[in-house]
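Student: I would like a close look at a single part of this model. Please take the aromatic rings and their surroundings.

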Amino acid sequence: MLNLERLRTLDALARHGSVSAAADGLHVTTSAVSQQMAKLEREVGQQLLAKNGRGVRLTDAGRLLADHAARILSQVELAQSDIEARRGQAVGEVRIGAFPTAARGLFPVAVSTLRRDHPELRVLSTELEPEAGVRAVIRGDLDLAVVLDWSNKRLPVPGGLAQAQLLDDVPDVAMPASHPLADRAEVDLEDFADDEWVSWPEGEFCHEWLMFTLRSKGFEPRIGHRAGEHHTQLALIAAGLGVCVAPRLGRGPVPVGVALVPVRQRMRRHVYAVWRTDADRRPSIRAAVEALRAAAGPVEESER
């Protein structure tokens, strides 16, 4: 009989591409991964891994068994979902992730609600960017991720994932209080063609959105500073070092010296949850989505 945990290790190796990454995804040591693979090779009587430079690669037999392992683990997920659904209670463990402002703006209320309403459910949360969240759900490292896209730039979501809309987040333009446009009721993005911009780190989804959007307005933005944390961006704005797009979700107190002005042509961030369709019947997933929706309701209402 094939051991399920060893198949899970093989699946992680196939998905992550290295022993160290598989160990991180499984929350075990690299030694534990190597030991599990050695035992699996003895069980099947074939070599599943081969050296590839300083790392390893799957052999043909390894890739074949990894394909079967992915299907077996999917069936196990379905079986667990059915058993949990039959019991009708949110129990066990649910792992959720969100991009930083959603983690700050939604998780405190949502996780507290889950603890109160489902005391037998353990909730583990983490913070990560939208594309990383989607990958983590696909890999099985997370059960659910809160992600985002923009009204003019969608986030690619592969098949096999279910979605639930949580809220639409309306951002403003943040600028120094001394900026000539700081007293306007509304502004257009092209009004800031000559300003220096504070953006997200290069490669992040929101940075790519900002570059795409500003270029579509007919100018090449001058990016002076990059920061992943919105509070850091606003601190730079308060120091007079540029302007930025400042979403309202999870914003918190605005530093002295920063003016926030709505954009005339409303930009929207669509915030939603994603999870694997083979886990769709799990009460813990449904409970997490309901808690996130309940937390999002007052936030969206306050933005109107």
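Student: Which residue lies over the face of Phe212, and at what distance from the ring centre?

Tutor: Lys153 does, at 5.4 Å from the ring centre of Phe212. Keep in mind that this is a predicted model. Now the ring-to-ring contacts. A pair of aromatic rings is described by the distance of the centres and the angle of the planes. The structure holds two aromatic pairs. Trp150 and Trp209 make a stacked one, with 3.5 Å centre to centre and 5° between the planes. This pair links distant parts of the chain. Trp150 belongs to strand 5 (residues 144-150), Trp209 to helix 7 (residues 205-216), and they are 59 residues apart. Is either ring partner buried or exposed? Trp150 counts as buried because its relative accessibility is 0%. Trp209 is buried too, with a relative accessible area of 0%.

The other pair is Phe192 with Trp197. Their ring centres are 6.3 Å apart and their planes stand at 80°, so this pair is edge-to-face. The cut-off behind that call is a plane angle over 60 degrees. Phe192 has a relative accessible area of 0%, so Phe192 is buried. Trp197, at 0% relative accessibility, also counts as buried. The limit for that label is under 20% relative accessible area.

To sum up, the stacked rings are those of Trp150 and Trp209, while Phe192 and Trp197 meet edge-to-face. Lys153 sits over the face of another ring, that of Phe212.

Notes. Residues numbered from 1 in each chain as written. Predicted model: local features only at pLDDT ≥ 70, side-chain atom pairs only at ≥ 80, totals over all residues. Heavy atoms only, no water. Phe/Tyr/Trp six-rings, centres within 6.5 Å; stacked < 30°, edge-to-face > 60°. Helix = DSSP H or I, 4+ residues; strand = E, 2+ residues; numbered from the N terminus. Buried < 20%, exposed > 50% of the residue type's maximum accessible area, 1.4 Å probe, protein only. Lys NZ or Arg CZ within 6 Å of the ring centre and 35° of its normal.
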